[in-house]
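Please open the structure in a viewer and keep the selection tool at hand.

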Amino acid sequence: MKQFITSTPEETFVFGENLGKNCQGGEVFLLSGDLGAGKTCLTQGLARGLGVKGKVNSPTFNIMKIYKTKIGHLCHIDAYRLNSGSDLKMIGLDDYLEKKDTVVVIEWAEKVKSVWPKNRIRIKIKNVVRGRKIEVT
């Protein structure tokens, strides 16, 4: 596990942007953290690093949004309102999971553990006194 501290939302964005710039395709990022911890901010940076143009919002009500990237697609999922991984499968998760031209980000990933692929990158974000602690495993 690696740990990082970001002091501002802008630093969290840049952390995500650097992740996105290093993606090759096929990555699955599982994000967890309390409300307001920075999951969407990190995802917005990751999207920018992947070359997504325009605004990236949390898909809380849509559950899943797909964006065009320089390598193919970004599949951004917000599992906050879901009860299980089978809910994600019903809306088409398998069309994007572990595809070589797609990066998948699942916010509130702990709610859908049954669909976690073997190859995944877990990112836990926690608010701390001077910003956010980001743990990557």
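This is a predicted model: local features need pLDDT of at least 70, side-chain atom pairs count only at pLDDT 80 or more; totals for chains, interfaces and linings use all residues.

Residues are numbered from 1 along each chain as its sequence is written, and side-chain values use heavy atoms, with hydrogens and water left out.

**The sheet**

Select the strands (DSSP runs of E, at least two residues, numbered from the N terminus). Seven of them form an open, mixed sheet in the order β1-β7-β6-β2-β5-β4-β3; two strands count as paired if DSSP finds at least two bridges between them. At the edges lie β1 and β3 (64-68), each of which pairs on one side only. From one strand to the next, the twist averages 20°. Next, select β2 and β5, which pair in the parallel sense over four bridges. Val28 has Val104 in β5 as its bridge partner.

**The helices**

Now select α2; helices are DSSP runs of H or I with at least four residues. On the sheet, α2 touches β2, β4 (73-78), β5, β6 and β7, contact meaning heavy atoms within 4.5 Å. Move to α1 (residues 9-21), whose buried residues are Thr12, Phe15, Gly16, Glu17 and Gly20. Buried means under 20% relative accessible area, exposed over 50%, and partly exposed in between (1.4 Å probe, protein chains only). These buried residues of α1 pack against β1 (2-6), α2 and β7.

**The cores**

A nonpolar core is a set of buried Ala, Val, Leu, Ile, Met, Phe, Trp, Tyr and Cys residues joined through side-chain atoms within 4.5 Å. Which residues have the most contacts inside the largest nonpolar core? Select Phe29, Leu42, Leu46, Leu74, Val103, Ile123 and Ile134, which belong to a core of 19 residues. To this core α2 gives the most, with three residues. Centre the view on Leu46: beyond its neighbours within four places in sequence, its contacts include Gly16, Phe29, Leu74 and Val105. A second, separate core has 18 residues, among them Ile77, Leu82, Ala109 and Val112.

**The salt bridges**

The last stop is the two salt bridges of the structure, each a side-chain nitrogen of Lys or Arg within 4 Å of a carboxyl oxygen of Asp or Glu. Select Lys89 and Asp94, whose side chains meet at 3.1 Å, N to O. Lys89 is partly exposed, at 41% relative accessible area, and Asp94 is partly exposed at 40%. Finally, select Lys133 and Glu135, with their closest N and O atoms 3.5 Å apart. Here Glu135 is buried at 16%, whereas Lys133 is partly exposed at 23%.

Definitions and conventions
Axes are lines fitted to C-alpha atoms, for helices over the stretch in contact, and angles run from 0 to 180 degrees between N-to-C directions.
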